[in-house]
Amino acid sequence: MGMHSDDGQAEGSYSEGSGQDETHGAGPSGSPRSHPGGPPAVLGRSPSLTPLLVRGALRSPFKRPAATADFPRTRLVLPRLRVDLARLAAYERVCGFPTGEDALPVTYPHVLGFPLAMSLMSGRDFPLPLLGLVHTSIEITRYRALAATGEYELTVYVDGLAPHRRGTEAAVVTELRVGEEVVWESVSTYLARHRTNGTDGERDRERHEPLPGVDEWRLAGDIGRRYAAASGDRNPIHLYPLTARLFGFPRAIAHGMWTAARCLAAHGTPQAVLVRAEFRAPVLLPGTVTYAANGERFELCGGDRVHVTGGVHPLT
């Protein structure tokens with residue numbers, strides 16, 4: 001199953017286990033986005049990821065992606081959510097977060113919400129094919145510290161489609177609530193590549209000087225399997241060289257969300273924070289990468305190749 005994360009190259013993003021046609025980002029003050037207009041669908045439990053992956057793969061050849069296509073407006077809601085503390089501890093260990101604290105890492109609600117996102121993206125009414133879908137970026141806003149032992153309500157919806165120079169991009173929103181209060185939310189963008197009128201020349205990204213290196217990480221070949229066990233993300237491109245080669249990779253590649261989480265664990269995040277990460281190129285396993293940072297910005301690089309760029313911005 002080839003859902004990837006990275007704009008120019010493929011990288012993984014299957015994790016464990018609707019809106020208007022406009023993305024309502026958090027404002028400068030960190031206020032939550034406006035609520036989508038679609039009807040809620042309340043779930044009794046988190047859906048199982050594997051059947052969703054199979055369903056999405058089977059439907060992919062019949063999808064016709066376009067920025068003007070309709071998309072599901074349903075909001076999937078999972079109330080009374082509690083975190084499995086053993087799985088959380090495994091996630092913290094593999095990503096480098098402190099263990100034993102009554103606090104959720106800033107990236108962990110993405111893991112909780114991904115089965116709901118997959119339920120929407122594998123549906124018949126989602127216009128982009130799941131196979132080959134690229135996770136290009138994530139923006140996370142945490143409004144306050146989140147207790148690992150707390151009870152939450154999880155909401156996921158598609159916030160809209162937009163044209164991209166390489167195809168069509170979808171924005172998927174995940175929200176975590178305590179009562180009526182949004183305490184955490186994210187916007188992930190997913191790209192379906194197809195022929196467009198644009199050119200595939202220079203990337204339209206901001207150019208800047210490389211950040212100073214802080215640490216060198218030697219990544220073992222089993223990182224993908226360890227993260228899969230902790231997160232539920234068992235996309236075969238992350239597990240073994242053989243299964244990765246079936247999808248065109250010379251070796252297994254690290255999960256995109258693992259690379260972002262590992263960087264944020266090293267950087268540190270305040271309790272109220274806006275985090276952005278952009279996935280650029282896959283990290284082959286085993287391998288050696290350099291974590292670089294300067295002030296609010298961070299990068300993960302391998303030689304001259306930039307794998308992840310991002311920033312950590314305290315909320316005022």
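Visitor: Which residues line the largest cavity?

Guide: In this predicted model, the lining of the largest cavity is made up of His 110, Gly 113, Phe 114, Ala 117, Val 172, Thr 174, Ser 186, Ser 188 and Tyr 190. Two or more of the lining residues come from each of helix H3 (108-121), strand E5 (167-178) and strand E6 (181-193). H3 gives the most, with four residues. The space inside is about 50 Å³.

Visitor: What makes it a cavity and not a pocket?

Guide: A cavity is a space where a 1.4 Å probe fits but cannot get out, whereas a pocket is open.

Visitor: Which residues touch the most other members of the largest nonpolar core?

Guide: Tyr 91 and Met 121 do, in a core of 69 residues. H3 supplies the largest share of this core, nine residues. Beyond its neighbours within four places in sequence, Tyr 91 has contacts that include Phe 97, Tyr 108, Val 111, Tyr 227 and Ala 261. There is also a second, separate core of five residues, among them Phe 249 and Ile 253.

Visitor: Why is the link between Glu 151 and Arg 82 called a salt bridge?

Guide: The closest N and O atoms of Glu 151 and Arg 82 are 3.7 Å apart. The cut-off is within 4 Å, so the pair counts as a salt bridge. Glu 151 is in strand E4 (residues 151-164) and Arg 82 is in strand E2 (residues 75-82), 69 residues apart.

Visitor: Why is Glu 151 called partly exposed, but Arg 82 exposed?

Guide: Exposed means over 50% relative accessible area, and buried means under 20%. Glu 151, at 41%, falls in between, so Glu 151 is partly exposed. Arg 82 has 52%, so Arg 82 is exposed.

Visitor: What makes Glu 181 and Arg 144 a salt bridge?

Guide: Their closest N and O atoms are 3.5 Å apart, and the limit is 4 Å, so the pair qualifies. Glu 181 lies in strand E6, and Arg 144 lies in the loop between strand E3 (134-142) and E4. Glu 181 has a relative accessible area of 39% and Arg 144 has 32%, so both are partly exposed.

Visitor: Are the residues of the salt bridge between Glu 175 and Arg 177 buried or exposed?

Guide: Glu 175 and Arg 177 are both buried. Their N to O distance is 2.8 Å. The structure holds six salt bridges.

Visitor: Why is Arg 195 called exposed?

Guide: The relative accessibility of Arg 195 is 82%, and the cut-off is over 50%, so Arg 195 counts as exposed. Arg 195 is found in the loop between E6 and strand E7 (213-219).

Visitor: What is noted about phi of Arg 80?

Guide: Phi of Arg 80 is near 55°, a positive value in a residue other than glycine. Most residues other than glycine have a negative phi. Arg 80 is in strand E2, and its relative accessibility is 63%, so Arg 80 counts as exposed.

Visitor: Which peptide bond is cis?

Guide: The bond from Leu 285 to Pro 286 is cis, with omega near -10°. Pro 286 lies in the loop between strand E8 (273-279) and strand E9 (287-294).

Conventions:
Residues numbered from 1 in each chain as written. Predicted model: local features only at pLDDT ≥ 70, side-chain atom pairs only at ≥ 80, totals over all residues. Heavy atoms only, no water. 1 Å grid on protein atoms, 1.4 Å probe; cavity = no way out; pocket = protein on both sides within 12 Å on 5 of 7 lines; lining within 4 Å. Points joined across faces, edges and corners; volume = space filled by probe spheres on them. Core = buried A, V, L, I, M, F, W, Y, C linked by side-chain atoms within 4.5 Å. Buried < 20%, exposed > 50% of the residue type's maximum accessible area, 1.4 Å probe, protein only. Contact = heavy atoms within 4.5 Å. Salt bridge = Lys/Arg side-chain N within 4 Å of Asp/Glu carboxyl O.
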